[in-house]
Amino acid sequence: MPHPLFVDFQGRKILVSGASSGLGRAICVELSRRGAELILLGRNQDQLKITEDRLESAGHHILCVDLTSHSEIYEKVKDFSRLNGRIYGLCHSAGVVETRPMNAIRVEGLRHMLDINFLAGLELARAVSRRDVMEENGGSILLISSVYGHVGMPGQIGYCGSKGAVISAARAMAIELARRKIRVNTLSPGLVRTTMTDEALSRLSQEQGKKIEEAHPLGIGTPEDVARAATFMLAPQNAWITGSDLVIDGGFIAQ
Ligand SMILES: NC(=O)c1ccc[n+]([C@@H]2O[C@H](COP(=O)([O-])OP(=O)(O)OC[C@H]3O[C@@H](n4cnc5c(N)ncnc54)[C@H](OP(=O)(O)O)[C@@H]3O)[C@@H](O)[C@H]2O)c1
């Protein structure tokens with residue numbers, strides 16, 4: 001009898017955006033340990049190849065897509081599935097952040113964050129959940145939000161807005177897609193060291209950076225912490241979880 005927390009993705013295809021870096025890469029590695037066949041989506045082919053080389057099981061694919069091109073997303077996913085078979089799951093981990101105080105906000109920067117963090121995730125979910133793309137018995141969609149989808153932060157008005165939108169839209173998707181047994185959830189990580197946060201932290205003073213780190217009672221997280229939680233949310237064994245957001249933040253927003 002398998003352990004109740006046992007998760008197994010044997011023979012299931014999962015598309016992961018942002019697979020070329022940070023959290024997306026760690027999520028791919030963790031899913032591959034549980035037998036998933038990954039579709040690694042990103043723009044940087046060399047970095048996607050590095051992720052592929054770290055995967056444990058076999059049968060993975062690389063899908064180069066620029067997520068700013070929304071019409072391309074839909075077509076590429078559909079074409080991929082026609083050639084390679086149905087998809088069980090999606091994890092939208094691609095994301096961008098631009099830190100600017102209110103008086104320096106540019107509409108283009110806001111649009112770019114909404115485009116990648118929110119609209120591209122929605123478009124991927126639309127493509128993956130098509131009747132001729134998703135597995136016939138349903139599947140699982142996980143969108144990576146952030147603690148900043150829950151709480152505010154100076155300089156992050158656009159980023160917070162884009163991440164809050166992800167959580168709200170996921171709830172609505174969960175209700176709409178439940179009749180087809182498609183689960184939709186979000187994950188809201190606190191600070192984890194990746195390319196994204198290294199860049200953002202490098203623009204802060206040492207003291208400001210230290211203050212953010214200290215705001216996480218259990219310290220800052222690792223990509224592997226997030227990857228294990230993502231695997232749990234995506235797992236077919238957790239078939240009753242939908243419309244939920246899992247905060248994984250070392251206690252950041254519990255204070
Ligand atoms: N790290 C944290 O502390 C933290 C905390 C909370 C939430 N998050 C969220 O977690 C997710 C992953 O963050 P991360 O830290 O892993 O960031 P990262 O290391 O900077 O990775 C970002 C990923 O987004 C992809 N991407 C960006 N623009 C793209 C585009 N136009 N088309 C296709 N792919 C694009 C990049 O792929 P290419 O370079 O191949 O294009 C890259 O794989 C993001 O949604 C982020 O907001 C992160």
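Trainee: Are Phe9 and Tyr88 buried or exposed?
Mentor: Good place to start, and keep in mind that this is a predicted model. A residue counts as buried when its relative accessible area is under 20%. By that cut-off, both Phe9 and Tyr88 are buried.

Trainee: How many aromatic pairs does the structure hold?
Mentor: Rings pair if their centres lie within 6.5 Å. On that basis, the number of aromatic pairs in the structure is two.

Trainee: What is the geometry of the pair formed by the rings of Phe9 and Tyr88?
Mentor: A pair of aromatic rings is described by the distance of the centres and the angle of the planes. For Phe9 and Tyr88 the centres are 6.3 Å apart and the planes stand at 65°. Planes over 60 degrees apart count as edge-to-face, so the pair of Phe9 and Tyr88 is edge-to-face.

Trainee: How many residues apart in sequence are the parts that Phe9 and Tyr88 tie together?
Mentor: Phe9 lies in the segment before strand E1 (13-17). Tyr88 sits in the loop between helix H3 (70-84) and strand E4 (89-92), so the pair ties together parts whose separation in sequence is 79 residues.

Trainee: Which residue lies over the face of Tyr88?
Mentor: Look for a charge above the ring, at 4.7 Å from the ring centre. The residue there is Arg12.

Trainee: Why is the pair of Tyr148 and Phe252 edge-to-face?
Mentor: The ring centres of Tyr148 and Phe252 are 6.1 Å apart. Tyr148 counts as buried at 14% relative accessibility, and Phe252 is buried too, with a relative accessible area of 15%. The pair is edge-to-face because the planes are at 85°.

Trainee: Now for the ligand: which residue has a side-chain N or O atom 2.5 Å from an oxygen atom of the ligand?
Mentor: The ligand is surrounded by 30 residues, and the closest include Ser20, Tyr159 and Thr194. A backbone N or O atom of Leu67 lies 2.8 Å from a nitrogen atom of the ligand, but your question is about a side chain. The side chain at 2.5 Å from a ligand oxygen belongs to Arg43.

Trainee: Which element gives the most to the shell around the ligand?
Mentor: Helix H1 (22-33), H5 and helix H6 (195-202) each give two or more residues to that shell. The most, three residues, come from H6.

Definitions and conventions. Residues are numbered from 1 along each chain as its sequence is written. This is a predicted model: local features need pLDDT of at least 70, side-chain atom pairs count only at pLDDT 80 or more; totals for chains, interfaces and linings use all residues. Side-chain values use heavy atoms; hydrogens and water are left out. Rings of Phe, Tyr and Trp (its six-membered ring) pair if their centres lie within 6.5 Å; planes under 30 degrees apart count as stacked, over 60 as edge-to-face and the rest as tilted. Helices (H or I, at least four residues) and strands (E, at least two) are DSSP runs, numbered from the N terminus. Buried means under 20% relative accessible area, exposed over 50%, partly exposed in between (1.4 Å probe, protein chains only). A charge sits over a ring if NZ of Lys or CZ of Arg is within 6 Å of the ring centre and within 35 degrees of the ring normal. A residue is near a molecule or strand if one of its heavy atoms lies within 4 Å of it. A polar contact is a pair of N or O atoms within 3.5 Å; within protein, one must be able to donate a hydrogen and the other to accept it, and residues adjacent in sequence count only if both atoms are side-chain atoms.
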